[in-house]
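I opened my notebook beside the structure viewer today and jotted down what I looked up. Here are the entries, in the order I made them.

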Amino acid sequence: VDLRDLTRAAASAAAMEELLSHPSLRPGDDGETIDAVERLRPEAEDIARRVRKAAAGLMDELTTQDRQHTTASSLSRLGATLQVYFHLGELPDAVWESVTAALKSAEKASGQLFHPGALKKMKESAEKEARGLAEAELAKIEAEEKKKSGGSASTKDSRHRKKRQESIYQRLYLRKLRERRAEAAARWTEGVSDASGRVWNLHRVLSRRNDPVSRRNFLEVVAEHPVPSGFGDAESRLVDLQNRDADVWSEGLSRGNFSLFTLFWNQMSIGLGGRVQRLLNYDGGSLGPDVAALYPAVRSSSLGMVTEIYDTMQMGLAGGDDGVLAGGGYGGGAGVMGGSAGLEDSVFLGGGFGLGDGADEAAGAFGGSSTAADAWTHVADDSSAADQHGPRGNSTGA
C-alpha cells in the first residue's frame, strides 16, 4: 500500500462523507432525492470502506509487531497510518483500540504466570525432571563406588538406597523448581515488555506528529477524547495524584498530564495487583507459599524489564519529544513488586514523563556495582553451587 495515496484517499473520502451527510443533500421527508448525488453515494461509501480496511490492516501490523523488529521506517509508516485516521476523524478510536489490544496482551502474559494451574505445572514439571535425574545420578554414584571397590562392594539394603535417592531427588527438585519459576517469570516479562514497547512507540509517534494543514498535534487530539472505561481505574488514580497538590480540583486529566503509556502501565499494574491478590486468596490461601516463592524470580525479571523499557525511552528522547515528555509531574507511587526502586519510578507508576533522577538511581541500584542487590534471585549456571548454598547461594548473578 502506498501510504501517500492512502492518505490522499482518506482525505478525499472524509471530505466526500462530510459533503454527502449535509442535510441539504439527504433524502427529504417526501423521499425526494438528487439523482446526481445518489449516483455518487455508493462509490464514495465503497472508497471510504476500502480506505478504512487498508488503514486497519496497517495499524494492526504496525502496532502488534515484535519490538525487536521496530525500525525508523516502521515508525514512519505508523505516523502515516495515524494521519489516515486523522483525516477520517477516527484517530482516538483507532489509538485506544491499539492500546486496549496491548493491555489484553500484557494481561494474557500475567494470566499465564499468576494462575493456580501455572503454579501446579511448574511443580509437576520440576518433579518429573528431578525424578529422572535423581535415578540417573544415583546409578552413576553406585557404579563409581563399585569400580573403586573392585567390584566387591557390599549391596546396600533397599531402604538405604531409597533414602539416598530421595535426598538426591529433593536437591534436584528444588533446583529444577527454581529454574521453572525463572523461565516462567522471563516469559511473563517478555510479554509485558513487548506490549509496553508497542504502547510507548505509539505514544512517541503521536506526540511528534502534527497534521500538516491544521497543525494539530495527534496526542492532543487523543487527549481531548474521553478515556475508555477499560482504563477508568488508572484514570481515577492519576486524577487523584494530579489533584493532590493542585489549586483547582479537576475531574479529568489535564492535557499536560495526559500520557497513553502512563494510563496503560497503571491499568496493567492495577490488574496485576488484583490477579495476585486473587491468587493469594485462592482455595483458602493454600497457594500462599507458592506465590511467595515466585517473588525472587519475578522481581529479578521485573527489574530487568523496567531497565530495558527505560533504556528504550531514553533512546527515543529526541528533540521533538522533549516538550511532551517533560509534562506531567506526578509524584512516584509504590512499586508493584514491593520495594523495587526501579518500579517506583514516576515514568511507570507516578504518571507523567519526568524521566529524572529516580530512574537513574534505580538503574544504578541494580546495575552499577559488581554484585547487584538482586543477584541471588537469578538461577545459577553452576548447579553444584546452587545446590550447596541453596537459593541464596548464587552471589555472582549469573
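At what angle do helix H8 and helix H9 pack, and how far apart are their axes? I found an angle of about 110° between H8 (residues 232-244) and H9 (residues 260-281), with the axes 8 Å apart. Angles of 65 to 115 degrees count as roughly perpendicular, so I noted H8 as roughly perpendicular to H9. I also wrote down that the crossing of the two helices, H8 and H9, is right-handed.

Next I looked up who meets whom there. From H8 I listed Gly232, Asp233, Ala234, Glu235, Arg237 and Leu238. Their partners in H9 are Thr262, Leu263, Asn266, Gln267 and Ile270. Sorting the residues of this H8 and H9 contact, I got four nonpolar, four polar and three charged.

A word on confidence: this is a predicted model. The protein averages a pLDDT of 76, and 74% of the residues score at least 70. For residues 318-398 I noted a pLDDT below 50. Beyond near neighbours in sequence, that stretch, 318-398, still has 152 contacts in the model.

Then I turned to the aromatic rings. How many aromatic pairs does the count come to? I noted eight aromatic pairs. I picked out Phe86 and Phe218, whose ring centres are 5.2 Å apart. Phe86 sits in helix H3 (residues 72-88) and Phe218 in helix H7 (residues 218-223).

How values were computed: Residues numbered from 1 in each chain as written. Predicted model: local features only at pLDDT ≥ 70, side-chain atom pairs only at ≥ 80, totals over all residues. Heavy atoms only, no water. pLDDT = per-residue confidence, 0-100. Contact = heavy atoms within 4.5 Å. Axes fitted to C-alpha atoms, helices over the stretch in contact; angles between N-to-C directions. Helix = DSSP H or I, 4+ residues; strand = E, 2+ residues; numbered from the N terminus. Parallel < 35°, antiparallel > 145°, perpendicular 65-115°, else oblique. Left-handed = near helix turned anticlockwise from the far one by under 90°. Nonpolar A, V, L, I, M, F, W, Y, C, P; charged D, E, K, R; others polar. Phe/Tyr/Trp six-rings, centres within 6.5 Å; stacked < 30°, edge-to-face > 60°.
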